[in-house]
Amino acid sequence: MGKPMVGGHKEEDSAPVVESVRDFLSIIEHITKGLSGYVFRGQSNFSKYKLESGAKRRIRKSCGTGSVAKWSTLELYHQFLINSAKSKGHYFGNGTRELSIFEILAELQHFGAATLLIDFTRNALVALYFSAIDESTDGSVHVARISDTFRFREIPLSIVTEKDFKKAFYSIIYNRSPYDLREEYVLEYWEPSILNQRIPAQDSIFILDTPNFPENYFEKIRIAKEAKQDIREKLERFFNISPVSLFNDLPGFARFNSAESQYTLSTDNRLGDITISIQRGNIDEALSDLNKLIEENNVPGNAFLLKGQILESKNK
């Protein structure tokens with residue numbers, strides 16, 4: 001299992017540190033204790049990003065910190081969002097079926113709009129992949145057991161399919177029994193159907209943000225930045241978790257491959273480039289690139305075999 005702290009990390013919390021896929025699976029097994037009903041969220045920056053929705057971040061930036069602590073502000077914002085989407089005709093699924101309020105929000109979230117939905121997944125390794133995208137800083141994975149009925153509650157189908165904004169939104173916010181003292185702290189969640197290709201690929205589930213979101217309901221794991229490239233390569237090689245599998249629709253794929261997205265050649269790709277250099281007779285260039293690769297990574301044994309072949313060819 002990962003060390004409590006990695007060199008250079010501030011001792012600002014007691015979050016366990018992951019330095020490999022094996023570490024992560026061991027920590028998840030410890031947290032879940034073999035039980036089911038858990039969900040996971042990966043974030044690329046451990047310190048910068050709170051566990052909150054895009055809607056709250058947008059409202060805070062536009063209206064000030066105090067505004068995000070009010071249900072009325074969240075209500076007005078989402079009324080504006082839904083009305084604007086409908087005025088542009090963005091409320092039909094596959095061009096024919098009218099979407100419910102929650103389905104519209106899910107589609108807007110899918111294309112990058114700021115809503116009160118927070119993306120989680122039932123697949124822990126999918127969350128790990130998202131946490132390992134940015135290599136410049138530590139990442140995080142948040143874990144919660146949504147089958148804990150004292151803390152989480154699934155939104156009823158009658159509300160999920162509601163097409164009237166007030167009926168859908170008010171049912172979540174205002175229809176709470178005064179006799180159940182737990183209800184102020186119960187978080188609502190929704191597991192959507194196949195609205196788009198990305199939802200099943202990522203095993204998506206949405207938790208609704210609240211003005212006072214109880215982050216203590218979630219365990220937090222730190223993903224060491226030094227391990228991120230190796231983690232991604234292992235997930236792609238052995239678990240088929242990659243941008244191709246996760247962003248299997250055109251909008252998601254394009255956004256993941258934007259100018260701002262990090263691009264890193266895998267060890268296999270770099271070995272392939274070195275092999276091409278050898279085939280073209282660029283032996284010194286190939287040897288230089290291979291030495292750099294060996295210094296930077298825990299490379300497979302065939303890298304050393306390739307180096308031996310290069311040195312042998314130089315000595316002939």
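Tutor: Let's start with the crossing of α12 and α13, which is left-handed; left-handed here says that the near helix is turned anticlockwise from the far one by less than a right angle, while clockwise would be right-handed. The residues in touch are T267, R270, L271, I274, S277 and I278 on the α12 side, and I283, E285, A286, D289, L290, K292, L293 and E296 on the α13 side. Contact means heavy atoms within 4.5 Å. Sorted by class, that contact of α12 with α13 has 7 nonpolar, 2 polar and 5 charged residues. (Ala, Val, Leu, Ile, Met, Phe, Trp, Tyr, Cys and Pro count as nonpolar, Asp, Glu, Lys and Arg as charged, and the others, Gly among them, as polar.)

Now the geometry. Two packed helices are described by the angle between their axes and the distance between the axes. Helix α12 covers residues 267-279 and helix α13 covers 283-296; they pack at about 160°, with axes 8 Å apart. That makes α12 roughly antiparallel to α13. The axes are lines fitted to C-alpha atoms, for helices over the stretch in contact, and the angles run from 0 to 180 degrees between N-to-C directions. As for the wording, under 35 degrees is roughly parallel, over 145 roughly antiparallel, 65 to 115 roughly perpendicular, and the rest oblique.

Keep in mind that this is a predicted model, where local features need pLDDT of at least 70 and side-chain atom pairs count only at pLDDT 80 or more, while totals for chains, interfaces and linings use all residues. Residues are numbered from 1 along each chain as its sequence is written, and side-chain values use heavy atoms, with hydrogens and water left out.

For another pair, look at α3 (residues 71-87) and α4 (residues 101-110), whose axes come within 11 Å and cross at roughly 85°. α3 and α4 are therefore roughly perpendicular to each other. H78, L81, I82, A85 and K86 of α3 meet I101, I104, L105 and L108 of α4, and by class that contact has 7 nonpolar, 1 polar and 1 charged residues.

α3 turns up again at helix α2 (residues 54-63), where G54, A55, K56 and I59 are buried; the cover over the buried residues of α2 includes α3. Buried means under 20% relative accessible area, exposed over 50%, and partly exposed in between (1.4 Å probe, protein chains only). Just after α2, G64 has a positive phi of about 105°.

On to the loops. Most residues other than glycine have a negative phi. K33, in the loop between α1 (21-32) and β2 (38-43), has a positive phi near 55° and is exposed at 63% relative accessible area. N240 lies in the loop between α9 (228-239) and α10 (243-246); its phi is positive too, near 55°, and N240 is exposed at 57%. S193 sits in the loop between β8 (187-190) and α8 (198-201) and counts as partly exposed at 45%.

Stepping back, the protein chain has 14 helices and 10 strands, where helices (H or I, at least four residues) and strands (E, at least two) are DSSP runs numbered from the N terminus. Of its 316 residues, 46% are buried.
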